[in-house]
Amino acid sequence: MEKAWLKRYPKDVPETINPDQYSSLVDMFEQSVHKFADQPAFMNMGSVMTYRKLEERSRAFAAYLQNDLKLKKGDRVALMMPNVLQYPIALFGILRAGMIAVNVNPLYTPRELEHQLSDADAKAIVIVSNFAHTLEKAVANTPIKHVILTSLGQMLPKVKGTVVDFVVKYVKGMVPKYHLPGAISFRKALYRGRRLQYVKPFIEGDDIAFLQYTGGTTGVAKGAILTHRNMVANVLQAKGAYGTFLRDGRELVVTALPLYHVFALTINCLLFLEVGGRNLLITNPRDIPTFVKELDKYPFTAITGVNTLFNALVNNEDFKELDFSHLRFAVGGGMAVQRAVAEKWHNITNRYLLEGYGLTECSPLVAAYPHDLTDYNGSIGLPMPSTDVRIIDDEGNVLAFDQTGELQVRGPQVMEGYWKRAEATKEVITQDGWLSTGDIVRFDDEGFMFIVDRKKDMILVSGFNVYPNEIEDVVAMHSKVLEVAAIGQPSENSGEIVKIYVVKSDASLNKDELIAHCREHLTGYKIPKVVEFRDELPKSNVGKILRRELRDENIANLDKSASQKTA
C-alpha cells in the first residue's frame, strides 16, 4: 500500500525489517543466551532461571526428545501448561530439536484436546498434573505415545516446590485424580537428557516452528502453520515498532497472559528474549490480590495483557499504591482496549496503554499504536514495519483508504497456511500472499486503523477466539434442542460473552440443564452466559440461520434497555 503517512511514525521506527536477520528462532535463541548468559531470563514464584540455565536445561530436554523418545525433526510435541518455568525450557528444547511446538489451552475439555492432538498428529505432550485427568480421558484416541508430566512446583527449589505442590494438591484440591501409566516426570526427563548428546539439526527459516491452533467459521479448530521465519519476522517487527523503548538487558516484563496464547508467546517470550529481558511469569493472574503482591516485589518496566486484565488491575485498590516509576511500556492486545480502561490506566500509572492488533495467522502482530502517543484515539494503531495492508469490498475489489472494507494483510509474518487444510487456506490467502482478516476497518488521514465491524461470526472473549459453529454443535448434541444459534454479546468485563438462541424439541428443557451440558464439552470462556429460548430462528431463503440479524436485534435491545435505565 501507499504509506503516505509514514511521517506519523516515531522517528526511530524503521519502515522495513530483515526477516532473515536470524536463520531461525534457534539462531536467535543461541545468540541471546550467549550474550545475556548470567542475567535472569525467567522468574516464577520467587525462583529465578538465568539465560545460562535456560540454555542448559533446554539442551537437555532437546537431547531427551532426540535420544530417549527417538523423535525426529518435524515431529509435533504438545505443550499443555500455564506460565511456569517448565514452559520456556520445554518450548526451546522442542525448537532446538527441530521439532514443532503445538500449544494447547490447559482448560480444554477432553473433546477439544482430542481434536487438537489428533489433528496435529502429536507424538508427545508435556503437561502439568493439574490437567492430567483431561488427558487421561482423551489420550487413547490420539497419536500421543509419550507423556511428560510435571507439577506447578517441580522446577522451584526443593523445599518451596514441595510446599507449593502440597498446597495445590491437598489444600486447594486442584489436582484431580488421574491414571497415565508410562508417563515420565519432567525432572527425570531433564536428568536423563543431561547425560545424552544433543545434535543440533539443520533448521531453516521455512521450517515449521509452531502449529498455533485457532478457530474458523466452520467451527473446526485449525492449526496455523507458523515458520521460524514468520516468528523471527514478527519479533523484529515488534522490536522495530516499539523502537528505543526496548533496552537490551534492562527490561523486566510482567507475563500474565498465558504463553500458549500467541500474543504472549511472540511479545513476552520471544521479543523479550531477543533483547535480554527478564520475564516474570504469573501462573494464576485471575487471583488479582496475589498478582498485585507479586508486582510489588519487582521494579517492572513492561507489562502486557488483555483489556479484562487491565480492567481488573485498575479497579484494585492495592494496585493503585504500587511504584510505577520504572514502568515504560504497557501493551494491550488480544481484544479491544476500552477507552475507560485506558484512561484509568494512565491516571494511575502515568503511562499510556498501547494497543496492538493482530491474529494468529499473522504470528500475530499486524499493527501497533506508536510508542510516542500523547493521547488515546481508540484505533488499533499503524501497520508494523514490512507490513502491507489494503481494504477490499465483498467482491474482492481493492478500495481507496478513505472507504470502509475488509482488511487484508501481506508481510513476512503471514502464516504458510492451515495445517492439512489446503482449501481453507485458499479461502483466506490469495495467490499473491494477501491474507483476509475478516475485520472491517477504516483509516484516518494519518493512517491509523479503526475496526468498524467483524465480517466473521467469531466471538472474542477476553482475547480468546470463540467460534459460533463449535458452540452450536455442542448445544445441538442435547436431545431436547431442535435449533440453536450463537452470537457474541458486548460485555464490559470480557469484551464479549457468548449468547445462544435455542428452539426446543422438548418443552421441559431449561437454561440450567443446557449450561450443565455445555460445561461437559466446552472450556469455561466458551460456555454461554445468556440463553434465550425462541419458537423459531430467522433464516435466509435457503434455510441458513441469520446470526447477524440476531446480533443486530440483540444490540438494539441492549441499547433500548440502557436508555430506559438512564431515563
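Colleague: What makes strand S15 and S16 partners?

Modeller: Two bridges join strand S15 (residues 365–368) to S16 in this predicted model. The rule asks for at least two bridges, so S15 and S16 count as a pair. The two strands run antiparallel. Ala367 stands opposite Pro383 in S16.

Colleague: Where do these strands sit in the order of the open sheet?

Modeller: Nine strands form this sheet, in the order S2-S1-S11-S10-S12-S13-S14-S15-S16. The pairing is mixed.

Colleague: Why are strand S2 and strand S16 called edge strands?

Modeller: Strand S2 (47–50) and strand S16 (382–383) each pair on one side only.

Colleague: How do you know that helix H9 packs on the sheet?

Modeller: Contact means heavy atoms within 4.5 Å. By that rule, helix H9 (residues 262–274) touches strand S1 (40–44), strand S10 (252–255), strand S11 (278–281), strand S12 (302–305), strand S13 (329–332) and S15. The direction of H9 makes about 160 degrees with that of S12. Helix H11 (residues 307–314) packs on the sheet too, touching S12 and S13. The direction of H11 makes about 120 degrees with that of S12.

Colleague: What makes the peptide bond between Ser363 and Pro364 a cis bond?

Modeller: Omega is about 5 degrees there, and the bond is cis. Pro364 lies in the loop between strand S14 (354–358) and S15. Most peptide bonds are trans.

Colleague: Which domains does the domain assignment give?

Modeller: The assignment gives domain 1 (18–439) and domain 2 (459–566). Their centres, taken over C-alpha atoms, are 30 Å apart. The contact takes 22 residues from domain 1 and 20 residues from domain 2.

Colleague: What area is buried between domain 1 and domain 2?

Modeller: About 1,600 Å² is buried between the two domains. Carbon and sulfur atoms give 47% of that area. The size of an interface is often given as the accessible area lost when the parts come together.

Colleague: How do you know that Glu470 and Arg111 form a salt bridge?

Modeller: Their side chains meet at 2.9 Å, N to O. The cut-off for a salt bridge is 4 Å, so the pair qualifies. The count between domain 1 and domain 2 is two salt bridges. Across that interface there are also seven residue pairs in polar contact, with both residues at pLDDT 80 or more.

Colleague: Which helices supply at least two residues of the side of domain 1 that touches domain 2?

Modeller: Helix H4 (110–120) and H11 each do. The largest share of that side, three residues, comes from H11.

Colleague: How many strands form the open sheet with S25, S26 and S27?

Modeller: Three, in the order S25-S26-S27, with mixed pairing.

Colleague: Why do strand S25 and strand S27 stand at the edges?

Modeller: Strand S25 (481–491) and strand S27 (530–533) each have a single partner strand, so one side of each has no neighbour in the sheet. Neighbouring strands of this sheet are turned by 25 degrees against each other on average, direction ignored.

Colleague: What makes S26 and S27 a pair?

Modeller: Four bridges join strand S26 (residues 495–504) to S27. At least two are needed, so the pairing holds. These strands run parallel, S26 with S27. Val502 stands opposite Phe533 in S27.

Colleague: Which strands does helix H15 lie across?

Modeller: Helix H15 (residues 511–521) lies across S25, S26 and S27, at about 130 degrees to S27. Helix H14 (residues 468–476) lies across S25 and S26, at about 140 degrees to S25.

Colleague: How do you know that Asp121 forms a salt bridge with Arg76?

Modeller: The closest N and O atoms are 3.5 Å apart. That is within 4 Å, so the pair is a salt bridge. The pair links distant parts of the chain, 45 residues apart. Asp121 is in the loop between H4 and strand S5 (124–128), while Arg76 is in strand S3 (residues 76–80). The salt bridge count comes to 27 by this rule.

Colleague: What value does phi of Asp121 take?

Modeller: Phi of Asp121 is near 55 degrees, a positive value in a residue other than glycine. Most residues other than glycine have a negative phi.

How values were computed
Residues numbered from 1 in each chain as written. Predicted model: local features only at pLDDT ≥ 70, side-chain atom pairs only at ≥ 80, totals over all residues. Heavy atoms only, no water. Axes fitted to C-alpha atoms, helices over the stretch in contact; angles between N-to-C directions. Domains from an automatic or database assignment. Buried area = accessible area lost by both parts, 1.4 Å probe. Polar contact = N/O pair within 3.5 Å; in protein donor to acceptor, adjacent residues only side chain to side chain.
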